[in-house]
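Please read the sequence and the structure below together. The briefing that follows takes up backbone features, strand pairing and the nonpolar core.

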Amino acid sequence: MQEIKNTISENFGGPASKLGSHQFKLDDCPDLSGKVAVITGGSEGIGFGVAYTLLKHNIAKLYILSVSKEVVEGAKDAVAKELGQDKADRTVWMQCDLSDWPRVKQVAEAIKHDTDRLDILVNNAARGIMTAELTSYGVDRHIAVNHMGHVILTSYLLPLMKETAKQGNVVRISNQASNMHTKVPSNTKFASLDEINKDLGPNEQYGRSKLAAILYARYFDRKVTRNGHPNVLMNATHPGFVSSKQSRTDIFEAFPLGGWAMSHGLEPFKKDQFEGAVPTVFAVTMADKSGQYICAPAIPEAGSELSQSEELADALMELTRNVVRDKMRSEPAGKGSPLDDFVLH
Ligand SMILES: NC(=O)c1ccc[n+]([C@@H]2O[C@H](COP(=O)([O-])OP(=O)(O)OC[C@H]3O[C@@H](n4cnc5c(N)ncnc54)[C@H](OP(=O)(O)O)[C@@H]3O)[C@@H](O)[C@H]2O)c1
């Protein structure tokens, strides 16, 4: 019975969200004075809910990485209006398309240059349920943005996060996953670029990148947390079914007719962006374990069988290392910084 209640609580908004076995509210977020955070996609949707909450709870500095200047300016205005100009001034926006990997490295280096600590990294931005597309350098855009861009960002920021942990702090990273991680073929192997470039359809394409978000957290737990860095934690999260640009607008790109049900029909049952922020805020301020899949509000779940496979996680990360190195090596000289020094933990 509690299992059913948890499923309802994990996915739907309003009173339904109170049925879960593990409760956490945004008001339970501890004081974050003195801490520094980075969030991708913090300008709207769930990411804005997270950014707003971190600022409300006094984070000293918040780097927001996203694409649209207009959207982030709107976000900053909303923060200034509701939390005051001082809180808005604690944000630093860095334009960064996560599919532009040399730019991701550049932004990570600039952050390391600008701050001497990093307590929180929220890997949240994503290409939603949309049609398959290849980047200009020939990698499936869902994996390139949602997984590989975040691995590059995390890898270049990791030395600073390890240093912050060494100073006696707990450093927390979250990857925004989804219950859609179950929507992948059972023969998923992450064995080759051809495999990840194969068009599986919008749901599967998105779901595969979300499976990668969980596998990455479990891989990180083995390779970093339990390998000498007990105070650097990474967890994956599922926010539930949330009203956002992805679920209201982007869905029509993949399903011009069928998108109506998700966009409008289910709108009354969706969580709002603040309810959707709850598991991420828990993961980056309270979690004391690494490698978990945390569903809203703060329920650790096993996830699919594939998401628990060490072998699959190793294959995914080996493929990530090879694709990043190979694709960036073939970039013409002068077009962005090469990633020859990319080190995968
Ligand atoms: N909504 C749901 O029901 C749901 C359910 C499960 C999981 N999720 C996950 O939750 C996360 C947030 O989604 P959301 O629903 O809040 O979506 P959203 O409102 O569309 O927000 C997406 C954010 O990601 C940024 N972004 C998109 N593509 C990017 C790129 N290539 N490089 C850098 N930033 C990029 C956007 O920045 P710009 O505005 O500048 O483009 C925006 O800030 C995603 O990982 C999503 O997959 C959502």
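**Backbone and core briefing**

Asn58 is partly exposed, with 16 other C-beta atoms within 10 Å; a residue is buried if 20 or more other C-beta atoms lie within 10 Å of its own, exposed if 12 or fewer, and partly exposed in between, with C-beta atoms placed from the backbone. The model is predicted: local features need pLDDT of at least 70, side-chain atom pairs count only at pLDDT 80 or more, and totals for chains, interfaces and linings use all residues. Numbering starts from 1 along each chain as its sequence is written. Helices (H or I, at least four residues) and strands (E, at least two) are DSSP runs, numbered from the N terminus.

**Backbone angles**

- Asn58 lies in the loop between helix H2 (45–56) and strand S2 (61–66), and its phi is near 75 degrees, a positive value in a residue other than glycine.
- Phe190 also has a positive phi, near 50 degrees, and is not a glycine; Phe190 sits in the loop between S5 and helix H7 (193–196).
- Phe190 is buried, with 23 other C-beta atoms within 10 Å.
- A cis peptide bond runs from Ala296 to Pro297, with omega near -5 degrees, and Pro297 belongs to the loop between S7 and strand S8 (299–301).

- Strand S5 (residues 171–176) runs parallel to S6 and is joined to S6 by 6 bridges; two strands pair if DSSP finds at least two bridges between them.
- Val171 stands opposite Val232 in S6.
- Strand S7 (residues 293–295) is also parallel to S6, with 3 bridges between them, and Ile294 in S7 is the bridge partner of Thr237.

**Nonpolar core**

- The largest nonpolar core has 95 residues, and Val38 and Leu157 have the most contacts inside it; such a core is a set of buried Ala, Val, Leu, Ile, Met, Phe, Trp, Tyr and Cys residues joined through C-beta atoms within 7 Å.
- Helix H6 (residues 141–166) gives the largest share of this core, 13 residues.
- Neighbours within four places in sequence aside, Val38 is in contact with Tyr63, Leu65, Ile111, Leu118, Leu121, Val122 and Leu157; contact means that the C-beta atoms of two residues, placed from the backbone, lie within 7 Å.
- In soluble globular proteins, nonpolar side chains tend to be buried together.
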